[in-house]
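Have the structure open in a viewer, with a way to select residues by number. The stops below say what to select next and what is found there.

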Amino acid sequence: MGSQEVLGQAARLASSGLLLQVLFRLITFILNAFILRFLSKEIVGIVNVRLTLLYSTTTFLAREAFRRACLSGGAQQDWSQTVNLLWLTVPLGIFWSSCLGWVWLQLLEVPDPDVVPYYGTGVLLFGLSAVVELLGEPFWVLAQAHMFVKLKVLAESMSVILRSVLTALLVLWLPHWGLYIFSLAQLLYTTVLVLCYASYLIKLLRSPESTKQLTLPVSKVTQLLPSISRSRAFVNWKEARLTWSFFKQSFLKQILTEGERYVMTFLNVLNFGDQGVYDIVNSLGSLVARLIFQPVEEGFYIFFAKVLEREKDASLQKQDDVAVAAAVLESLLKLALLTGLIITVFGFAYSQLALDIYGGAMLSLGSGPLLMRCYCLYVLLLAINGVTECFTFAAMSKEEVDRYNFTMLALSFSFLVLSYLLTSWCGSVGFIMANCFNMGIRITQSLSFIHHYFRESPHRPLAGLRLSPVLLGVFILSAGITSVSEAFLCCERGWPARLAHIAVGTICLGVTLGTAFLTETKLIHFLRTQLNRSRLGDKMT
């Protein structure tokens with residue numbers, strides 16, 4: 001397969017399912033905006049940080065290692081033993097849920113029952129929801145192994161939407177139920193998720209034509225249940241040992257992935273209200289990264305990994321492939337830079353208005369706008385880091401990846417320490433400052449690798465991080481105009497002034513995009529080419 005074909009495949013992969021995810025996210029976004037207007041900051045903090053951390057820690061420790069080990073099996077994998085191994089996640093989930101539930105109830109600070117009622121019940125039901133979700137592990141792994149992408153998107157999106165709908169209804173009708181509302185909604189979410197996977201696969205297995213066509217490794221529903229055979233061991237011990245190896249890694253990974261929430265939960269650097277505001281801002285800020293940057297990174301990582309050969313410098317590879325990879329990397333860097341700058345420049349002037357529209361005074365007053373402005377800068381760093389690491393991980397040798405992982409481990413620990421120190425000094429903004437520092441170091445490392453990789457070739461993809469002076473001037477002018485507009489028109493002067501502020505931003509954004517269209521011709525050509533390839537691929541399939 002040529003580099004151009006791989007590039008087209010990467011473009012299709014990056015765009016597949018994106019529209020559907022955006023639609024579901026939009027529905028959930030609107031529902032959550034409605035829900036927030038009926039809640040206190042303290043309840044949001046307890047649910048989104050404390051209880052969600054209990055749920056995510058339980059499920060991660062109980063299943064992550066099993067998922068990775070069972071999805072690593074080859075063609076000779078014995079699925080009956082794999083299914084038996086996966087069912088062990090349920091007793092493990094009960095164990096972790098019980099242990100962590102005791103910690104959450106006995107060792108952590110308990111919120112005031114007048115402000116956050118039914119905390120104990122919330123802990124129990126969130127722990128139970130984690131165990132319920134683990135009942136679907138055999139179905140999830142089977143679906144994932146056979147790349148049922150649409151099933152995953154539909155199941156997760158439907159579960160999230162139904163959870164949001166139930167939460168909205170209960171908040172509107174029975175607001176005095178407190179944490180009962182979110183606990184029942186979480187149970188509904190996990191139940192629907194498991195039922196979607198189970199019902200789809202059960203229906204598939206009962207249809208002989210579909211079973212033969214997809215060549216699934218199981219032919220009956222009962223084969224997805226645990227079974228004992230005298231002719232072989234209950235589990236594949238090689239898979240079991242691999243699971244233990246992954247578990248030792250995943251335990252540390254979970255601490256580092258959820259570092260902010262662990263710092264907030266165990267070190268009490270923020271009160272429950274500030275935790276709630278920070279989590280909402282964090283969720284809103286990362287929405288762009290999840291919807292736009294992540295699909296692009298995943299799709300083009302596959303492109304770089306297929307086109308480039310590890311262990312070789314650019315000068316030792318096929319020069320046509322290197323040229324294509326360099327051109328794509330330059331265009332992706334330019335796209336990430338422009339997207340991040342637009343979010344940063346316009347986010348500074350419209351953070352308070354956006355938070356007020358989304359969550360009302362709870363978010364727009366206090367630390368919310370400052371957090372959102374800082375997060376807009378962090379999104380710029382996220383965008384650049386996503387592209388640079390996408391290329392770096394695809395081109396690094398195994399030894400370089402091992403060294404990089406060791407560096408990442410050190411950076412992650414330094415992030416936890418820095419988070420604690422900065423939040424103690426300047427509140428919740430400290431988390432974003434620590435993230436920006438961490439991301440800046442990672443970008444520097446990746447840029448150094450890319451520079452060294454192309455050093456002996458005529459290609460300079462890092463030129464994608466340079467803007468034309470005209471476009472840079474337009475960005476600076478837009479930042480100044482929208483900041484003045486915010487000072488005079490937003491956000492306590494009524495809706496006519498707000499609409500005028502939005503109109504000013506719309507005009508500035510239009511001028512900025514128009515200037516980018518005229519000055520960044522290479523990027524525009526790249527985007528048009530990838531869009532045409534994606535459409536052509538969709539028609540052919």
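A disulfide is here a pair of cysteine sulfur atoms within 2.5 Å. The model is a predicted one, and by that cut-off it holds zero disulfides.

**Stop 1**

Select Cys 196 and then Cys 508. Cys 196 has a relative accessibility of 16% and counts as buried. Cys 508 is buried too, with a relative accessible area of 7%. Both values fall under the 20% limit for buried, so neither residue counts as partly exposed.

**Stop 2: the second largest pocket**

Next, show helices H2 (18-36), H13 (272-307), H14 (319-359), H16 (368-395) and H20 (494-519); each supplies at least two residues of the lining of the second largest pocket. To find its centre, select Val 288, Ile 343, Gly 347, Ala 354 and Met 372, which lie nearest to it among the 25 lining residues. The space in this pocket is about 750 Å³.

Which helix gives the largest share of the lining? It is H14, with nine residues. Colour the lining by residue class: 20 residues are nonpolar, five are polar and no residue is charged.

**Stop 3: aromatic pairs**

Now turn to the rings of Phe, Tyr and Trp, where the count comes to 12 aromatic pairs. Start with Phe 95 and Trp 96, an edge-to-face pair with 5.3 Å from centre to centre and 65 degrees between the planes. Is each of these two residues buried or partly exposed? Phe 95 counts as partly exposed because its relative accessibility is 44%, whereas Trp 96, at 17%, counts as buried.

Move on to Tyr 278 and Phe 431. Their rings form a tilted pair, 5.2 Å centre to centre, with 45 degrees between the planes. This pair links distant parts of the chain: Tyr 278 is in helix H13 and Phe 431 in helix H18 (residues 429-453), 153 residues apart. Tyr 278 and Phe 431 are both buried.

To see an aromatic cluster, select Phe 391, Phe 449, Tyr 453 and Phe 454, which together form one.

**Stop 4: charges over rings**

Select Arg 67 and Trp 140. The charged end of Arg 67 sits over the ring of Trp 140, at 3.5 Å from the ring centre. Then select Arg 498 and Trp 495, where the charged end of Arg 498 sits over the Trp 495 ring, 4.9 Å from its centre.

**Stop 5: two loop residues with positive phi**

Which loop holds Tyr 118? Tyr 118 is found between helix H5 (89-106) and helix H6 (119-134). Its phi is near 65 degrees, a positive value in a residue other than glycine. Tyr 118 counts as partly exposed because its relative accessibility is 36%.

Finish at Asn 268, in the loop between helix H12 (259-267) and H13. Asn 268 is not a glycine, yet has a positive phi of about 55 degrees. With a relative accessibility of 44%, Asn 268 counts as partly exposed.

Conventions. Residues numbered from 1 in each chain as written. Predicted model: local features only at pLDDT ≥ 70, side-chain atom pairs only at ≥ 80, totals over all residues. Heavy atoms only, no water. 1 Å grid on protein atoms, 1.4 Å probe; cavity = no way out; pocket = protein on both sides within 12 Å on 5 of 7 lines; lining within 4 Å. Points joined across faces, edges and corners; volume = space filled by probe spheres on them. Helix = DSSP H or I, 4+ residues; strand = E, 2+ residues; numbered from the N terminus. Nonpolar A, V, L, I, M, F, W, Y, C, P; charged D, E, K, R; others polar. Phe/Tyr/Trp six-rings, centres within 6.5 Å; stacked < 30°, edge-to-face > 60°. Buried < 20%, exposed > 50% of the residue type's maximum accessible area, 1.4 Å probe, protein only. Lys NZ or Arg CZ within 6 Å of the ring centre and 35° of its normal.
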